[in-house]
Amino acid sequence: MALRGKPDRVFGRHLPGDTRKHSHHEAYYHLGFFYYFIPLYFIVPFLRHLTQHGRPGILIGLTCIWLLLTILFLLRIDGLWSSPLLLYSGYLLFGYCLYRLQWPPVPLLILTGCISLILTDYMVISQSLAEAQYVFGRWLSYKTINTVFTAGMVFAIGRYWAGKMKPKQLEFCSFMSGHSLGIYLLHPVFLWPIRAYDLYFFHPIIMIPLWTMIVTALALGASWLLRTNRYTGWLVP
């Protein structure tokens with residue numbers, strides 16, 4: 001993530017509402033995901049071997065070390081351990097622990113996730129108000145402990161509700177899951193006019209959820225339409 005006062009190469013100043021021409025700049029801001037995602041394919045074979053032959057205690061221990069590294073990154077204690085490849089690859093091991101080993105336990109995930117959400121909101125809002133501009137430091141980074149715990153909580157809640165869903169609801173969730181990459185790729189197209197023309201008519205507590213649902217629905221529909229055509233299906237694999 002970019003530091004305050006310096007434009008972020010991926011997620012920073014060049015947001016969907018920025019109508020300036022950026023043909024000479026890097027890829028659109030949300031496509032930065034691929035720069036972190038693609039190298040993980042080189043790590044997956046090693047992690048697969050580790051999960052197939054490693055003891056649960058060893059896997060949990062390595063995950064705990066990774067969690068410590070995310071704390072160091074949040075506190076700006078940087079070093080070789082701050083490598084994006086290392087910090088992002090830890091999510092794969094963390095996901096395995098969540099799904100296969102059911103560790104950490106759900107109550108702990110809920111507790112740490114709620115604390116992380118509250119702390120993140122407080123730090124971002126208080127710092128932004130103090131400096132009279134939107135600043136977030138590393139609190140909104142994917143490589144920090146607060147984001148990890150929040151993601152873990154979302155996983156735990158999703159897994160809990162999945163067991164209570166009706167077949168039709170599960171079918172719809174499966175449909176959305178199949179288009180999740182398409183939604184991710186296409187959603188900025190529908191976010192752009194909202195930011196470019198300041199389409200905020202009511203309080204953010206109303207407009208943010210409202211536009212989130214609308215944009216998600218539009219991106220889902222667009223992804224489905226593209227996939228149904230043999231000439232455009234490759235755009236949203």
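**Exercise 1. How many disulfides does a search of the whole structure find?**

Solution. Keep in mind that this is a predicted model.
- Step 1: the search over the whole structure returns zero disulfides.
- Step 2: take C64 as a test case. The nearest cysteine sulfur belongs to C97 and is 8.1 Å away, while a disulfide requires two cysteine sulfur atoms within 2.5 Å. C64 is therefore in no disulfide, by that cut-off.

**Exercise 2. Find the salt bridge and work out which parts of the chain it ties together.**

Solution. Let's begin with the count.
- Step 1: there is one salt bridge in the structure.
- Step 2: its partners are D78 and R138, whose closest N and O atoms are 2.9 Å apart. The cut-off for such a pair is 4 Å.
- Step 3: D78 sits in the loop between α3 and α4, and R138 in the loop between α5 (106-131) and α6, so the bridge ties together parts 60 residues apart in sequence.
- Step 4: compare their surroundings. D78 is partly exposed at 42% relative accessibility, whereas R138 is buried at 13%.

**Exercise 3. Is M153 buried or exposed, and which residues does it touch?**

Solution. Start from the helix.
- Step 1: M153 belongs to helix α6 (residues 145-162).
- Step 2: its relative accessible area is 6%, so M153 counts as buried.
- Step 3: leaving out residues up to four places away in sequence, M153 touches L109, I110, G113, C114 and L117.
- Step 4: for C114, the C-alpha to C-alpha distance to M153 is 7.9 Å, although the two are 39 residues apart in sequence.

**Exercise 4. Which residues form a nonpolar patch on the surface?**

Solution. Gather the members, then pick one.
- Step 1: the patch consists of L68, I71, L75, I77, L80, W81 and L86, and together they have about 670 Å² of accessible area.
- Step 2: consider L80, found in the loop between α3 (56-74) and α4 (84-101). At 80% relative accessibility, L80 is exposed.

**Exercise 5. Check the span of α9 and say what covers its buried residues.**

Solution. Length comes before packing here.
- Step 1: α9 (residues 204-228) has 25 residues and reaches 35 Å between its first and last C-alpha, close to the expected 36 Å.
- Step 2: its buried residues are M207, W211, V215, A219, L220, A222 and S223.
- Step 3: the cover over these buried residues includes α7 (167-178) and α8 (180-196).

Terms used
Residues are numbered from 1 along each chain as its sequence is written. This is a predicted model: local features need pLDDT of at least 70, side-chain atom pairs count only at pLDDT 80 or more; totals for chains, interfaces and linings use all residues. Side-chain values use heavy atoms; hydrogens and water are left out. Patches are made of residues with over 30% relative accessible area and no salt bridge: like charges are joined within 9 Å, nonpolar side chains (Val, Leu, Ile, Met, Phe, Trp, Tyr) within 5 Å. Accessible areas come from the Shrake-Rupley method with a 1.4 Å probe; for residues, only the protein chains shown count as cover. A salt bridge is a side-chain nitrogen of Lys or Arg within 4 Å of a carboxyl oxygen of Asp or Glu. Helices (H or I, at least four residues) and strands (E, at least two) are DSSP runs, numbered from the N terminus. Buried means under 20% relative accessible area, exposed over 50%, partly exposed in between (1.4 Å probe, protein chains only). Contact means heavy atoms within 4.5 Å. The expected span of a helix is 1.5 Å times one less than its number of residues.
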